[in-house]
Structure formats: structure tokens, C-alpha cells
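Please look over the sequence and the model shown below. A short report on selected features follows.

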Amino acid sequence: MHDLWVEKYRPDTLDGYVFKDATMEAQIRDWVENPEKKRIPIPHIMLSGSPGTGKTTLAKILINVLGVEEGDVLSINASRENGVDVIRNKIVNFCSTWAVGDYKVVLLDEVDQMSHDAQGILRNEMERFADSVRFIMTCNYPRKIMSALHSRTQAYHIDKLDIDAFMERMINVLITEGVDFDPEHIDAFVETTYPDLRKCIQLLDQYTINKKLTPLNKAEEAGLDYMASFVELWQVRKVSDARRLLCTTARVDDYEQIYRFFYTNLDLFSSNDAGQMNAILIIANGLKGHAISADAEINLASVLVQLAEIQ
């Protein structure tokens with residue numbers, strides 16, 4: 001059976017991890033290499049950023065290298081378990097019992113998917129069990145998390161990774177697998193996927209045939225530039241083509257970033273204040289609709305139609 005590279009090369013120590021920058025690496029290593037400074041060497045932590053940048057991997061590395069006992073770790077995917085009952089029953093019950101080791105850790109993945117009420121209760125429990133439990137949280141969209149949680153954590157927003165370390169990691173994977181490759185081909189893979197390290201490893205795995213890395217398909221390369229292509233089409237008023245491009249190319253996971261792009265580029269839709277204010281209302285309503293819509297693509301298409309009608 002073929003081992004998936006993305007799992008095979010998921011690091012379990014800091015030496016295999018690609019950090020955002022040297023400052024972040026120095027802080028993390030200080031926690032790990034000098035644990036005797038405090039009984040609980042880490043604070044509550046919030047790791048945010050784009051998919052594939054290593055948030056959950058770093059959380060698990062910390063738990064591993066700090067030697068937290070398996071029975072002292074509670075992992076919850078907050079995209080599935082996101083209500084108040086999870087806090088009151090699962091988390092509180094876990095935190096209330098004695099630790100096997102020195103302390104317990106609650107790992108909350110995708111905490112930005114938790115309801116507002118659940119976040120409010122979580123805030124109180126973080127303070128209540130601060131002497132014996134640490135919370136490590138990951139999220140894609142930190143703005144969805146209430147400020148009271150932000151203030152109780154040490155936060156790292158991983159918007160990008162060290163590009164040289166990113167490239168080195170990809171080369172090491174290929175060398176370890178004994179793959180024959182052209183350095184110019186590597187550049188195309190990195191440029192297309194950066195900063196999504198997970199996606200890059202997946203594509204390297206996909207395009208390695210008989211121990212040789214084949215060139216990246218042009219369609220994959222085009223995926224990187226779909227927003228640039230969208231802008232070019234929109235500016236020449238090929239609105240229908242721009243809408244079709246965006247709705248057929250973008251992943252649903254990208255949609256919130258697309259709405260943010262719209263908001264930061266209002267001049268794309270109107271050159272006057274009145275038009276741009278109208279665009280803001282359309283974008284805001286579209287973002288609300290995205291959260292509750294049964295079909296996010298149709299919702300996005302509707303937003304684009306409304307933006308095209310702005311004078």
C-alpha cells in the first residue's frame with residue numbers, strides 16, 4: 001500500500017517543522033528546551049492562519065516533545081463539536097480530574113467554528129483551570145473568535161512560512177524518497193502552493209511516477225493565479241467570464257478570503273464613494289449568507305451579480 005507523503009512526512013519534532021520566522025522558532029524552542037523554568041512551560045496558545053501552514057502539526061509537536069501523558073490530552077475538532085454542551089460536559093469533566101503527569105492539555109482544532117455562547121463559557125473555564133490545564137487552539141479566521149479568548153492566549157498568526165525552509169523541506173522529501181527531479185520543476189510546485197505546505201507535499205506525491213517528478217500540470221499552476229485572472233476579466237467588464245472563473249476555480253475554504261479580497265479592493269467595483277459603500281453592504285450580506293447558505297457557490301455567484309450592477 002502506498003503511504004501518503006503528507007502523513008509520512010508530518011513532523012513529530014521541532015527539527016522537521018517549517019516555522020513562520022526566526023522569532024517564532026526561538027520562542028517555541030525556549031518553551032521546549034527550558035521546561036524547568038515553570039511547572040507548566042507553555043501558556044494558553046492560539047495558532048491561526050491559512051490551511052496547510054502547520055497549525056495543528058505544531059500543536060501536536062508541542063504536546064509530544066513536552067512529554068505530556070497521553071491520558072492528559074483531550075483533542076476536540078470544534079468544527080464538529082462546537083456547542084456549549086461540549087464545554088460543560090466533555091471539557092469541564094476532563095479538566096476537573098487529576099492529571100497523570102504534571103498538567104493537562106486541551107487541543108481545540110478549528111475553534112473559530114465554535115458558537116459565541118460556547119466561546120463565552122470556554123473563557124471562564126480557561127481561568128478556572130489555569131493552574132492545571134493549558135489550552136492550545138487552532139483556527140483559520142481569528143476574527144471569528146471573541147476578544148476575551150484572544151486576551152487569554154499567546155497568539156501566532158501564520159500567514160506565511162519561511163520560503164527557504166519551505167523549499168528545503170520539499171527537496172528533503174524528494175531526496176528521502178529517492179526521486180529524480182529537475183530543480184526548475186520544484187520552483188513551480190512551491191510557487192503554486194505556497195504557503196500551503198501540505199498541498200505542496202500532496203502534489204509532489206501525486207506527480208512522482210516511477211521515482212521521477214513530472215512537470216506540474218498547467219491547470220494546477222493556473223490555480224495560483226485565478227484571482228489575478230478574475231481581476232483582469234472584471235476590469236474589462238467580462239463579468240460573466242469572471243464569475244464563472246471564480247465559482248469554478250475557488251475552493252469553498254477560500255471563500256472567506258475572497259470576500260476579504262473584495263473588501264480591500266473596493267475600487268474594483270466602483271470609483272466613487274457611494275458605489276463603494278454599496279459594495280461594502282453587498283459583501284457583508286454575502287459573507288453572512290456564506291455562513292448559512294446551503295450552497296456557498298450560488299451565494300458567491302449572487303454576490304458577484306450584485307457587485308456587477310453597481311454604477
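Which residues are buried in helix α9 (residues 197–206)? Leu 197, Cys 200, Ile 201, Leu 203, Leu 204 and Asp 205 are buried there, where buried means under 20% relative accessible area, exposed over 50% and partly exposed in between, with a 1.4 Å probe and protein chains only. At the start of α9, the backbone nitrogen of Arg 198 has a side-chain oxygen of Asp 196 within 3.3 Å.

This is a predicted model, in which local features need pLDDT of at least 70, side-chain atom pairs count only at pLDDT 80 or more, and totals for chains, interfaces and linings use all residues. Residues are numbered from 1 along each chain as its sequence is written, and side-chain values use heavy atoms, with hydrogens and water left out.

The protein has 15 helices and seven strands; these are DSSP runs numbered from the N terminus, helices being H or I with at least four residues and strands E with at least two. Of its 311 residues, 45% are buried. Along the principal axes, the C-alpha atoms fill a box of roughly 65 × 50 × 35 Å. Among contacts (heavy atoms within 4.5 Å) with a separation of 6 or more, 75% are between residues 24 or more positions apart.

Five of the five residues of β1 are buried. Ile 45, Leu 47 and Gly 49 lie on one side, Met 46 and Ser 48 on the other, and both faces are covered. The pairings of β1 are listed here; two strands pair if DSSP finds at least two bridges between them.

| Partner strand of β1 | Sense | Bridges |
|---|---|---|
| β4 (residues 133–139) | parallel | four |
| β5 (residues 154–158) | parallel | five |

In β4, Ile 136 is the bridge partner of Ile 45. In β5, His 157 is the bridge partner of Ser 48.

His 44 counts as buried because its relative accessibility is 10%. A polar atom of its side chain lies 3.0 Å from the backbone nitrogen of Phe 135. Leaving aside residues up to four places away in sequence, His 44 touches Met 126, Val 133, Arg 134, Phe 135, Arg 152, Thr 153 and Gln 154.

Technical notes: Polar contact = N/O pair within 3.5 Å; in protein donor to acceptor, adjacent residues only side chain to side chain.
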